[in-house]
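Q: I am new to this structure and would like to learn how to read it. Could you take me through its features one at a time?

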Amino acid sequence: MDDRTEVRDVTRVLAVAAHPDDLDFLAGGTIAGWTRAGLEVAICIVTNGDAGQLGQTPRDQVAAVRQAEARAAARELGVRDVTFLGYSDSRVEVTLALRRDIARQIRRVRPDLVLTWAPERTRDSIRSNHPDHRAVGEATLCAIYPDAANRFIHPELHDDEGFQPWRASQAWLMGAADPNAYVDITDNVDVRVAALRAHGSQTGHLDDLAQRVHETADKAALGAGLPAGRLAEVFQVIPTT
């Protein structure tokens, strides 16, 4: 597996996720490392997590709770720029509207690197293959190219809203079947745990959360060939130019 720990020629990152807690589970340590290194990171969350199971919380309050938790988690990671697109949880499809909405964020942020879900279904666990994850991954890759890079696709973004075309140079995919890159998060794993703790409606009952995070990151590090005791997050990195 390639060592991509040191990102090169990257100053801005856009992370596009399906649900409020996706990034913290899969890339929290990596994002924390990027912000600590001085990179500008923006987060775009496609849904509000309104289908989440929050015990006795009234259904009409779930989205607000999940959004507040996501903003608190982002602050733990050093991110202040968080956008919610407002799509319905568990009902995301790859539509032109979604592609346009993500392309808008790409043109607004003008990232060198876009982090999102891998669109392909894997076979290791059905829980890792939420349809929203795959739809967001596919829509984001379409938004990277060709949508955000061509002013004549979704022309309203340029003509009515003033967003100039932009092409990110890298795409990093979470949950890929064949990862080819890793990030050593040993020094940032506690930040990832803190971000996950901010999602109290989802993790408040997990007394062993830190242990679970360490076990997952330890397994990833082992697969990446890192020395014993190191922790990692893994991705598939693909060029976009």
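This is a predicted model: local features need pLDDT of at least 70, side-chain atom pairs count only at pLDDT 80 or more; totals for chains, interfaces and linings use all residues.

Q: What does the secondary structure of the protein come to?
A: There are eight helices and eight strands. The radius of gyration is 17 Å, close to the 18 Å given by the globule rule for 241 residues, so the protein is as compact as a globular protein of that length. Along the principal axes, the C-alpha atoms fill a box of roughly 50 × 45 × 35 Å.

Q: What share of the contacts in the protein comes from residues 24 or more positions apart?
A: Among contacts with a separation of 6 or more, such pairs account for 78%.

Q: How many positive and negative side chains does the protein have, and where do the centres of the two sets lie?
A: The count is 27 positive and 35 negative. The two centres lie 2 Å apart.

Q: Which residues other than glycine have a positive phi here?
A: Start with the general idea: most residues other than glycine have a negative phi. His154 is another, with phi near 50 degrees.

Q: Where is Arg110, and is Arg110 buried or partly exposed?
A: Arg110 sits in the loop that runs between helix H3 (96-109) and strand S5 (113-117). Its relative accessibility is 28%, so Arg110 counts as partly exposed.

Q: Where is His154, and is His154 buried or exposed?
A: His154 belongs to the loop between helix H4 (131-147) and helix H5 (155-159). Its relative accessibility is 10%, so His154 counts as buried.

Q: What does His154 touch?
A: Leaving out residues up to four places away in sequence, His154 touches Leu96, Arg99, Arg100, Ala103 and Asp147. With Asp147 there is also a polar contact between the side chains, at 3.1 Å.

Q: Which residues does a cis peptide bond join?
A: Again the general idea comes first: most peptide bonds are trans. Here Tyr145 and Pro146 are joined by a cis bond, with omega about 15 degrees. Pro146 lies in helix H4.

Q: Where is Glu233, and is Glu233 buried or exposed?
A: Glu233 is part of strand S8, which covers residues 232-239. With a relative accessible area of 2%, Glu233 is buried.

Q: Which polar contacts does the side chain of Glu233 make?
A: One is with the side chain of Arg192, at 2.8 Å. In another, a polar atom of the Glu233 side chain lies 3.4 Å from the backbone nitrogen of Gly28.

Q: What else does Glu233 touch?
A: With residues up to four places away in sequence left out, the residues that Glu233 touches include Leu26, Ala27, Gly29 and Thr30. Also among them are Ala181, Tyr182, Val183 and Ile185.

How values were computed. Residues are numbered from 1 along each chain as its sequence is written. Side-chain values use heavy atoms; hydrogens and water are left out. Helices (H or I, at least four residues) and strands (E, at least two) are DSSP runs, numbered from the N terminus. The radius of gyration is taken over C-alpha atoms; the globule rule is 2.2 Å times the number of residues to the power 0.38. Contact means heavy atoms within 4.5 Å. Lys and Arg count as positive and Asp and Glu as negative; His and the chain ends are not counted. The place of a charge is taken as NZ of Lys, CZ of Arg, CG of Asp or CD of Glu. Buried means under 20% relative accessible area, exposed over 50%, partly exposed in between (1.4 Å probe, protein chains only). A polar contact is a pair of N or O atoms within 3.5 Å; within protein, one must be able to donate a hydrogen and the other to accept it, and residues adjacent in sequence count only if both atoms are side-chain atoms.
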